[in-house]
Amino acid sequence: MKTDTDDFIRKRFNDLDQRASARAYPVYTDFCDARELSILHTMHFFSTVTTDGGYELSERQMVCFMPSDAFFEQNGDFPFKAIRISCRNQNFAESLTHRDYLGALMNLGIRRELLGDLLVDSKDHSCTLFCVDRIAPLIPDNIISVRHTEVFASLIDFHGSDIRPSFRQETIIISSDRLDSLVAAAAHTSRTKGCLLIDSERVMINSRIEKSHTRQISSGDIITIRGNGKFRISDFTGLTNKGRIKVSIEWYD
């Protein structure tokens, strides 16, 4: 689904809802990003709406509109596949990033909405990704390198598997458990600039855009700061000598 204005996204979701009801058959989107999903969760539909991105806490997810009068139930199999990209020779592998893998895939002519999350394993020099069914054969047949590293790709069975992102640990210090304080510390910027990030709708909590500076944060919350990355609040680990709060966060690689 192409990212556009909020009204365009709402209209698109409503159209899919009406199409599912008219056909009495489930209708699926391509992969939606966090902004689109945030809008989805504010809407009401005639259909039963479910989402899936291939693993728990996925950011990019496919949406299913299941009409209430359909003659069958959604069986859990969304129309997407999982693919693992691996380097051919570990000894000559570069330190590849999410951007590197995404760039190689888009160089194949693949649009971003056809891809779900890309989970990079820096230790194994691999990347697990999700893509819509119709382009699944394209990737193993065509991707031969990422930057200067030779790679190969293969379909994997992700049902029942323990796919999860890897994390980078960091401890930050905040003055209060408000969102603006957390954003400023995590982005290593001032409180004023942290508030601007929130005002410009670049901050999400648990895949929903959050506009309140004073929103209280909690352990387990997943925060996305567009342009900086995504992290999970692991724990509040105590106070400094000056009474400020120490927070352990886990950045998604």
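**Entry 1: the pair of Glu 210 and Arg 215.** I looked up Arg 215 and found that it counts as partly exposed, because its relative accessibility is 31% (buried means under 20% relative accessible area, exposed over 50%, partly exposed in between, with a 1.4 Å probe and protein chains only). Glu 210 counts as buried at 15%. The side chains of Glu 210 and Arg 215 meet in a salt bridge at 2.8 Å, N to O (a side-chain nitrogen of Lys or Arg within 4 Å of a carboxyl oxygen of Asp or Glu).

**Entry 2: basis of the values.** I note that this is a predicted model, in which local features need pLDDT of at least 70 and side-chain atom pairs count only at pLDDT 80 or more, while totals for chains, interfaces and linings use all residues. Residues are numbered from 1 along each chain as its sequence is written, and side-chain values use heavy atoms, with hydrogens and water left out.

**Entry 3: other salt bridges.** I found 14 salt bridges in the structure. Asp 6 and Arg 35 meet through their side chains in a salt bridge (2.8 Å, N to O). Asp 6 lies in helix 1 (residues 6–23) and Arg 35 in helix 2, so this pair ties together parts that are 29 residues apart in sequence (helices, H or I of at least four residues, and strands, E of at least two, are DSSP runs numbered from the N terminus). Asp 6 is partly exposed at 27%, and Arg 35 is buried at 16%.

I then looked up Asp 30 and Arg 134, whose side chains form a salt bridge at 3.1 Å, N to O. Asp 30 belongs to strand 1 and Arg 134 to the loop between strand 6 (126–132) and helix 4 (138–142), so the pair ties together parts 104 residues apart in sequence. Asp 30 is buried, at 17%, and Arg 134 is exposed, at 56%. I also recorded a network of salt bridges that links Glu 94, Asp 100 and Arg 147.

**Entry 4: the largest pocket.** I read its volume as about 1,000 Å³ (the space filled by probe spheres set on grid points, which are joined across faces, edges and corners). A pocket is an open set of points on a 1 Å grid over the protein atoms alone, where a 1.4 Å probe fits, with protein on both sides within 12 Å along at least five of seven lines; lining residues have an atom within 4 Å of a point. The lining holds 37 residues, and Glu 59, His 98, Arg 112, Thr 224 and Gly 229 lie nearest the centre. Strand 5 gives the most to this lining, with four residues.
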